[in-house]
Amino acid sequence: MKTIKIAGVPEHFNLPWHLCLENKEFETQNIDLQWTDIPEGTGKMCQMLRDGETDIAVILSEGIVKDIMDGNLSKIVQIYVDSPLIWGIHVGARSKFQTLSDLENTKAAISRLGSGSQLMAYVNANNQNWNTEKLQFEIVNTIDGAVKALTEETADYFMWERFMTKPLVDNGTFRKIADCPTPWPCFVIAVRNEILEKEPETIHAILSIINKKTASFKSLPEIDIILAKKYHQKTVDIQEWLSLTDWSQNQLSEEMLNKIQNQLLELKIIDKIGTFDEIVKTV
């Protein structure tokens, strides 16, 4: 058995992986795929790839592109979710802020430096024509940390995937002020270069299995009910989320990579553009 470590957020996007693991589909190919949930998100997974704590990460496109440009020795091997991630912009239930414009020059809660929650704060600020150099951040690590920060007012707003955060809106912990979709496919699969060199056939087999699962995922019987129960969501919300979400079995195109990089460069999140071969590898 080849042991491969994989990390991803504990969110509904990743249920296809868990279904494959439960069905022992990787084991049929002699692969012991060891999944770790990372509630801290993309910034933490970038560090895990760097440190060799994980071999694969199911990770936000913008976060891993930035980190590869910053020296992370990994490559994007394909898109995982092709549709945009819809980030909800949330404030505490008792917050004085009522509209998106009220949040200019306030402090954003973020999971980590370099995380999607930080990078999307720049995208949102740019969309609103705010001065991105005046953005302020409070590191909260997880969604539980964000609840504490917004409740205690050590931060003013928090951007996180809209549907995963909706239970906190429904129960009166947060108020959602606006949405901010990513201008690119949201999740990609990234693999450490060392693993790509040593185990290309294993990685190819893993991608083949997950791609088969995601291609049929939305048509699985009662998948909306299964997702709602597992992730503590209302079935009607999951049905809306499924209608907006498209998994992918394709590689990231050079055109889309350049779109991501150009926006990150414009926002001064990266200081140079990388080549396609530096960032992407097909196995």
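Two residues are said to be in contact, or to touch, when heavy atoms of one lie within 4.5 Å of heavy atoms of the other. In this predicted model, His18 touches Trp35, Asp37 and Tyr231, once residues up to four places away in sequence are set aside. The report below describes the chain as a whole and then turns to selected residues.

## The chain as a whole

The chain holds 12 helices and 10 strands. Its radius of gyration is 18 Å, close to the 19 Å that the globule rule gives for 283 residues, so the chain is as compact as a globular protein of that length. Along its principal axes, the C-alpha trace spans about 55 × 45 × 30 Å.

Of the 283 residues, 55% are buried. The accessible surface comes to about 12,500 Å², and carbon and sulfur atoms account for 46% of that surface.

With regard to charge, the chain carries 29 positive and 40 negative side chains. The centres of these two sets lie 2 Å apart.

## Helix H8 and Leu207

Helix H8 covers residues 200-216. At 1.5 Å a residue, its 17 residues should span 24 Å, and the end C-alpha atoms are 25 Å apart, which agrees. The buried residues of H8 are Thr202, Ile203, Ala205, Ile206, Leu207, Ile209, Ile210, Asn211, Lys213 and Thr214. This list includes the charged residue Lys213.

Leu207 is located in H8. Because its relative accessibility is 7%, below the 20% limit, Leu207 counts as buried. Beyond residues up to four places away in sequence, Leu207 touches Val77, Gln78, Ile189 and Val283. Ser61 is 146 residues from Leu207 in sequence, and the two C-alpha atoms are 17 Å apart in space.

His18 has its place in helix H1, which comprises residues 15-22. With a relative accessible area of 14%, His18 is buried. One of the residues that His18 touches is Trp35; the pair is 17 residues apart along the chain, with 8.4 Å between the C-alpha atoms.

Asn193 lies in helix H7, residues 193-198. Its relative accessibility is 16%, so Asn193 also counts as buried. Not counting residues up to four places away in sequence, Asn193 touches Leu73, Ser74 and Lys75.

Lys230 is found in helix H9, residues 223-230. Lys230 is partly exposed, with a relative accessible area of 41%. Between the C-alpha atoms of Lys230 and Glu194 there is a separation of 34 Å, although these residues are 36 apart along the chain.

## Loop residues

| Residue | Loop between | Relative accessible area |
|---|---|---|
| Asn30 | H1 and strand S2 (31-37) | 47% |
| Asp82 | strand S4 (74-81) and strand S5 (86-92) | 40% |
| Asn141 | strand S7 (136-139) and helix H5 (143-152) | 36% |

Which residues does Asp82 contact, leaving aside its neighbours within four places in sequence? They are Pro185, Asp246, Trp247 and Ser248. Asp82 and Phe187 are 105 residues apart in sequence, yet their C-alpha atoms are 7.2 Å apart in space.

The two asparagines of the table call for a remark on backbone geometry. Most residues other than glycine have a negative phi. Phi of Asn30, however, is near 65 degrees, a positive value in a residue other than glycine. Phi of Asn141 is likewise positive, near 70 degrees.

Conventions:
Residues are numbered from 1 along each chain as its sequence is written. This is a predicted model: local features need pLDDT of at least 70, side-chain atom pairs count only at pLDDT 80 or more; totals for chains, interfaces and linings use all residues. Side-chain values use heavy atoms; hydrogens and water are left out. Helices (H or I, at least four residues) and strands (E, at least two) are DSSP runs, numbered from the N terminus. The radius of gyration is taken over C-alpha atoms; the globule rule is 2.2 Å times the number of residues to the power 0.38. Buried means under 20% relative accessible area, exposed over 50%, partly exposed in between (1.4 Å probe, protein chains only). Accessible areas come from the Shrake-Rupley method with a 1.4 Å probe; for residues, only the protein chains shown count as cover. Lys and Arg count as positive and Asp and Glu as negative; His and the chain ends are not counted. The place of a charge is taken as NZ of Lys, CZ of Arg, CG of Asp or CD of Glu. The expected span of a helix is 1.5 Å times one less than its number of residues.
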